[in-house]
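Q: Could you take a close look at how the helices pack against one another in this structure, and spell out the terms as you go?

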Amino acid sequence: MLRSLYVKDLAIVDEVEVAVGAGLSVVTGETGAGKSLLVDALVLLSGGRADAGVVRHGCERAELSAEFDISANPGLLDWLRDEELDDGQGCQLRRVIRSEGSSRAWINGRPVTLGQMKVLGAQLIEIHGQHEHQALLERARQLTLLDAYADHHQQLQDLRTMVGEWKSIHERIAAISSHEDPNERIEWLNHQLAELDSIALAPEDLARLEETHRRLANSGQLMTACSHLAELLDADSEFSLSQLLTRAVGESHRLAGLDPATQATAELLESASIHVSESIDALRRYQDALALDPERLAEIESQLGRLHDLARKHRRPVGELEAHAQQLRGELEALANAGGELERLGRERNALLARYAESCARLGESRRRAGAELSASVNALLGELGMAGGQFSVALESTNNTEPDSQGGERCEFLVSANPGQPLRPLRKVASGGELSRIGLAIEVAALGMDEVGTMVFDEVDAGIGGAVAEVVGQKLRRLGSRRQVLCVTHLPQVAAQGHAHLMVSKLASEGGTRTQIEHLSGDARRDELARMLGGIKISPETLAHAEQMLRSATRS
């Protein structure tokens, strides 16, 4: 649901920010005041096409942003998480359009493409008005609305699951069948495994081999270093570490005999002497085991060379050769049982296709029933909305797909005839914007906002009507507002009176130019705006009373 909209330097709007609540919010104002600029801003924030002409004269750029609460729409939250654009339960759209024609877009503060903004906008806002902005014209959207009307959520979820299973089985069959002669592949795998099994080492064995190689390769340096260290630790010289420590221990004990406070020093020196003695013993044992072994070194180098050659051949690190052998062994086992596996997968696929066909048949029948019910409801509403003789019909046609489809076996087309005697034509080919808006309103009211789009916008839905029909349109919009957030731009008081909230757009002229402002109206201010819409420039007490009566009637309905 839309929480707030901010617009700066768009057309004649210098800077406005408007909060929008639940229910039906009506937008009124004098002709040319900029009422439809709010709709234009939402279109642009939904990824609509923009050009430099939308930027306010004399400004470098137009800035637009909108805040939405999407806590009630888990599908949107999932989409944002998948795109790594999530930010709690809220959603902010922002767009900047520069005077030279370039634009940038953000979702929750992260840069995005207009394609991403358009995908998200289609799930946040549904605009009924100008032809190019009408989401209901898209056939995919029509099918979605029909399925929502018939509550097909679980059936579609089951279809998606079955299609996923079918794709998995299909891929496994393709993988097994990818080799024309499995015996040739089996022979090749056996050869590769024989070579790998004779040379490849487990990671821990490879580590030990490389450690032994380093020791043998450096045995000469190790012997020299050990001799130097042994001389420092335990030589005949009076300056070797062991000799010096022995003298220091003796001196420390004599000192401790004179003053017990130095006993700790004597104990530490004695411990150091013991550690040095143990180090000398360990070094001698290491020296005894250390020996030059050029034959063993050559043998290890040869083994490591073969391992590296094998690693280059299989294009992977030496340490991964053993794991690669396990993968090849698994493929070999699968090929050896390929015939039985293909037969089993074939049975699974046939059973799945049978279940899919049965589910599609049930879904198709349910869609036909729902289409007839929706058509009857919309046709009843068209007469009330001033389109007597107009007809609406839901047409379903088979896709004839050879592969399972997560949307089922049909596609949907909304057909309409705006006037008696005219043939039914696709809704997307209806020319009149006013008729299109009222048909869209009839469809949404009949479906009672069953889709997940949280905000519906109707721009001049009352074009070309008046009197009792206008009041009916307002009542239908108010009824729709009980289920969804509805924003309606209108010039008729009968519609404006039905709003749960009222926004007035006005144009102010000053020396600095013309700008638009938006006010929330309530109480007497709202009554006065309705009176202006009823009576024009001169407002009489009778007009004010009529406006007051209209507001009271709307509140009771």
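A: On one side of the contact between two helices stand L241, S242, L245, A248, V249, S252, H253 and A256 of α9, and these meet Q263, A266, L269, E270, A272, S273, V276 and I280 of α10, where contact means heavy atoms within 4.5 Å. By class, the residues of this contact of α9 with α10 comprise 10 nonpolar, five polar and one charged; Ala, Val, Leu, Ile, Met, Phe, Trp, Tyr, Cys and Pro count as nonpolar, Asp, Glu, Lys and Arg as charged, and the others, Gly among them, as polar.

The model is a predicted one, in which local features need pLDDT of at least 70 and side-chain atom pairs count only at pLDDT 80 or more, while totals for chains, interfaces and linings use all residues. Residues are numbered from 1 along each chain as its sequence is written, and side-chain values use heavy atoms, with hydrogens and water left out.

Two packed helices are described by the angle between their axes and the distance between the axes. For α9 (residues 241-258) and α10 (residues 263-289), the axes come within 9 Å and cross at roughly 160 degrees, which means that α9 is roughly antiparallel to α10. Here the axes are lines fitted to C-alpha atoms, for helices over the stretch in contact, and angles run from 0 to 180 degrees between N-to-C directions; angles over 145 degrees count as roughly antiparallel, under 35 as roughly parallel, 65 to 115 as roughly perpendicular and the rest as oblique. The helices themselves are DSSP runs (H or I, at least four residues), numbered from the N terminus. The crossing of α9 with α10 is left-handed, a term used if the near helix is turned anticlockwise from the far one by less than a right angle.

A second pair can be described in the same terms. The axes of α7 (residues 203-217) and α11 (residues 294-314) come within 10 Å and cross at roughly 135 degrees, and α7 is therefore oblique to α11. The crossing of α7 and α11 is left-handed, and their contact is made by L206, L209, E210, T212, H213, L216 and A217 of α7 together with R296, L297, I300, E301, Q303, L304 and L307 of α11. Sorted by class, the contact of α7 with α11 has eight nonpolar, three polar and three charged residues.
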